[in-house]
Amino acid sequence: KHLGYKAAVVNFSDIYAMNGRPKQITVSLGISKRFTIEHIEQIYEGIKVACEHYGVDLVGGDTSASVTGLIISITCIGEGEDGKIVYRNGAKDTDLICVSGDLGAAYMGLQLLERELKVSRDVGEGFEPAFQGREYLLERQLKPEARRDVIEELAEMGITPTAMMDVSDGLSSELMHICKHSGTGCRIYEDRIPIDYQTAIMAEEFNMNLVTAALNGGEDYELLFTVPLVDHEKVAAMKSAKIIGRITKPELGCYMVTRDDNEIELQAQGWNAFAQ
């Protein structure tokens with residue numbers, strides 16, 4: 001059920017990331033014989049819950065056999081107002097860089113799930129996973145939400161971003177996409193990257209670099225967007241997002257400014273669907 005919900009929501013997120021509204025989806029499934037009717041019903045139940053919550057109609061799709069496992073392919077159709085649809089190529093020098101929510105939680109949730117799965121195999125019967133107090137991390141990984149509220153708040157405040165993407169492959173990767181397509185550079189500030197307390201505790205437990213998890217973890221489905229400098233007061237007052245940096249001239253490159261004022265070049269270490 002979580003998988004069905006997540007499969008739908010991550011597609012809604014792509015439409016919100018263009019300042020649009022998701023309206024319809026089609027769902028195609030490839031199913032191997034190791035999955036039961038009950039499994040498929042649960043997937044569709046999750047999709048149904050997501051569609052009801054976001055006001056999206058399931059209008060069609062296809063189901064076929066698979067020899068390799070389970071394949072889910074969802075196409076989402078949305079709409080936006082003429083002149084207000086946002087692409088990734090509109091950022092300009094001096095624009096402010098903003099991001100919603102917090103980052104790295106989904107990645108730490110994945111690390112927690114993988115660790116407990118391994119321990120469960122070692123311990124066997126009677127195993128109880130150590131999930132207590134870490135529910136937020138698990139939810140960010142298993143049941144992410146698309147940031148419709150951010151789009152609504154931007155509209156209420158009269159802000160149209162110059163560029164926008166959702167953070168599916170990691171903040172660093174998405175920001176570099178915006179800079180590449182817009183022909184710009186950027187500076188983000190380490191002390192402004194929003195990170196939840198549970199994420200910080202989990203990173204310490206795993207002996208992981210917290211900022212690396214936030215920059216490269218991915219699957220946060222937060223919205224990364226740029227706005228003109230003249231909108232500074234408006235965007236600074238937003239409840240759902242915060243300013244983390246600024247767009248620069250392309251020759252200045254893409255860097256993160258650390259807490260001790262050093263500059264570290266950003267690298268796209270997130271998921272690459274076409275990597276071999």
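Biologist: Which residues of helix α4 (residues 135–142) are buried?

Modeller: This is a predicted model, in which local features need pLDDT of at least 70, side-chain atom pairs count only at pLDDT 80 or more, and totals for chains, interfaces and linings use all residues. Residues are numbered from 1 along each chain as its sequence is written, and side-chain values use heavy atoms, with hydrogens and water left out. Helices (H or I, at least four residues) and strands (E, at least two) are DSSP runs, numbered from the N terminus. Buried means under 20% relative accessible area, exposed over 50%, and partly exposed in between (1.4 Å probe, protein chains only). In α4, the buried residues are Leu137, Leu138, Arg140 and Gln141. They lie on the same side of α4, because they cover an arc of only 160° around the axis. The arc is that of the directions from the helix axis to the C-beta atoms.

Biologist: Which helices do the buried residues of α4 pack against?

Modeller: They pack against α1 (2–16), α3 (105–123) and α7. Contact means heavy atoms within 4.5 Å.

Biologist: How should I read the packing of α3 and α4?

Modeller: Two packed helices are described by the angle between their axes and the distance between the axes. Axes are lines fitted to C-alpha atoms, for helices over the stretch in contact, and angles run from 0 to 180 degrees between N-to-C directions. Here the axes of α3 and α4 come within 7 Å and cross at roughly 100°. The two helices are therefore roughly perpendicular to each other. Angles under 35 degrees count as roughly parallel, over 145 as roughly antiparallel, 65 to 115 as roughly perpendicular and the rest as oblique. Among the residues making the contact are Met108 and Leu112 of α3 and Tyr136 and Leu142 of α4.

Biologist: Which residues of α7 are buried?

Modeller: Thr199, Met202 and Ala203 are the buried residues of α7. Their arc around the axis is only 100°, so they sit on the same side of α7. The face turned away from that buried side carries the exposed residues Tyr197 and Glu204. The buried residues of α7 pack against α3, α4 and α8 (210–216).

Biologist: How many disulfides does a search of the whole structure find?

Modeller: A disulfide is a covalent bond between the sulfur atoms of two cysteines. The cut-off used is a pair of cysteine sulfur atoms within 2.5 Å. The search finds 0 disulfides. For Cys98, the nearest cysteine sulfur, that of Cys186, is 13 Å away. For Cys179, the nearest cysteine sulfur is that of Cys186, 3.8 Å away. Cys179 counts as buried at 3% relative accessibility.
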